[in-house]
Amino acid sequence: MPEFPSGLGIFDLTGRVALVTGASRGLGRAMAVALASAGADVVLAARTACQLQDTATEIEALGRAALPVETNVTDPEHVDRLVDAAIHRFGRIDILVNNAGINVAKPVLDLSPDEWDRVHDLNARAYFLVARAVGPHMIARRYGRVIHITSILATIAYQNQAAYAASKGAATQLAKVLAVEWAPHNITVNCIGPTFFETEATRERFQDPGRKHFIESRTPLGRWGQPHELAGTVIYLSSDAASFITGQTVFVDGGWLVW
């Protein structure tokens, strides 16, 4: 039976290599920096090169290596180049955080098929593409931690969120299937389900007094989440501390789902 280090060493990611999609800003950037703070070197993927470099600079200031790769994760060729670059630089990928995502918030009757497809391409299909590209490398080494960033909306209904909620539900079910298929290879696959977090992507909603008040009043902790508050969960699920957890969703929701 393996012995784990005492104290906080069980959460130590030193020597691990993580790949984080959507790492240029918001939750992705916060999680990439968190993984680096726990000792991981990090491959950073997003469409915006300049913002990726900002994330890389922050990680390097922590003494870890960062590889920013401008990538459209909805394009299989881009995804293959991303994974090839990671393997060329670091020789392996131990941790995958599928995080890149978008939202088109409209009632169903106002939602176009193109908008539906655009949300699902990034929030669900891209998760499949990146996991499929990374999986063989993890299987070959018999080690891996895969984390899908989903949402409380994978579980609950909320108006004007049909495309987003359905895509997050798809990402959750994909994680469960991967958890079953890859368990024999010592790979765990889990989800993190955030509630409403204050980021660039949610700024308009946060600045709407009515919406802001509703979300705060509906959340037992009485406020929106802050990106750094995902740090502990992503480190935990990436570490040996979570070695016997797979196919699960950890909701970081301020108590929203308690009601």
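**Entry 1: Threonine 150**

I began with threonine 150, which touches Tyr164, Lys168, Ala171, Thr172, Cys191, Ile192, Gly193, Pro194 and Thr249, leaving aside residues up to four places away in sequence. Contact here means heavy atoms within 4.5 Å. I located threonine 150 in the loop between strand 5 and helix 5. Helices (H or I, at least four residues) and strands (E, at least two) are DSSP runs, numbered from the N terminus. Is threonine 150 buried or exposed? I found threonine 150 to be buried, with a relative accessible area of 2%. Buried means under 20% relative accessible area, exposed over 50%, and partly exposed in between, with a 1.4 Å probe and protein chains only.

**Entry 2: Basis of the values**

I note that this is a predicted model, in which local features need pLDDT of at least 70 and side-chain atom pairs count only at pLDDT 80 or more, while totals for chains, interfaces and linings use all residues. Residues are numbered from 1 along each chain as its sequence is written, and side-chain values use heavy atoms, with hydrogens and water left out.

**Entry 3: Nonpolar cores**

I looked up the largest nonpolar core and found 34 residues in it. Such a core is a set of buried Ala, Val, Leu, Ile, Met, Phe, Trp, Tyr and Cys residues joined through side-chain atoms within 4.5 Å. The residues with the most contacts inside this core are Leu35, Leu44, Ile59, Val97, Ile192 and Val234. Among the elements that give it two or more residues are strand 1 (17–21), helix 1 (26–37), strand 2 (41–46) and helix 8 (231–238). Helix 1 supplies the largest share, 7 residues. I then followed valine 234, which touches Met31, Ala34, Leu35, Val97, Ile147 and Ile192, again not counting residues up to four places away in sequence. A second, separate core has 31 residues, including Leu122, Leu129, Met138 and Val146.

**Entry 4: Cysteines**

How many disulfides does a search of the whole structure find? The search finds 0 disulfides, a disulfide being a pair of cysteine sulfur atoms within 2.5 Å.

**Entry 5: Aromatic rings**

I found 6 aromatic pairs in the structure. Rings of Phe, Tyr and Trp (its six-membered ring) pair if their centres lie within 6.5 Å; planes under 30 degrees apart count as stacked, over 60 as edge-to-face and the rest as tilted. Tyrosine 158 and phenylalanine 196 form a tilted pair, 5.5 Å centre to centre with 55° between the planes. Tyrosine 158 lies in the loop between strand 5 and helix 5 (162–182), and phenylalanine 196 in the loop between strand 6 (187–194) and helix 6 (203–206), so the pair ties together parts that are 38 residues apart in sequence. Tyrosine 158 is partly exposed at 23% relative accessibility, and phenylalanine 196 is buried at 8%. Ring pairs link Tyr158, Phe196, Phe214, Trp224 and Trp256 into a cluster.

I next looked up a charge over a ring: the charged end of arginine 16 sits over the ring of tyrosine 143, 4.0 Å from its centre. The criterion is that NZ of Lys or CZ of Arg is within 6 Å of the ring centre and within 35 degrees of the ring normal.

**Entry 6: Positive phi values**

Arginine 142 is not a glycine, yet its phi is positive, about 55°. I placed arginine 142 in the loop between helix 4 (113–141) and strand 5. Asparagine 160 also has a positive phi, near 70°, and is partly exposed at 30% relative accessible area.
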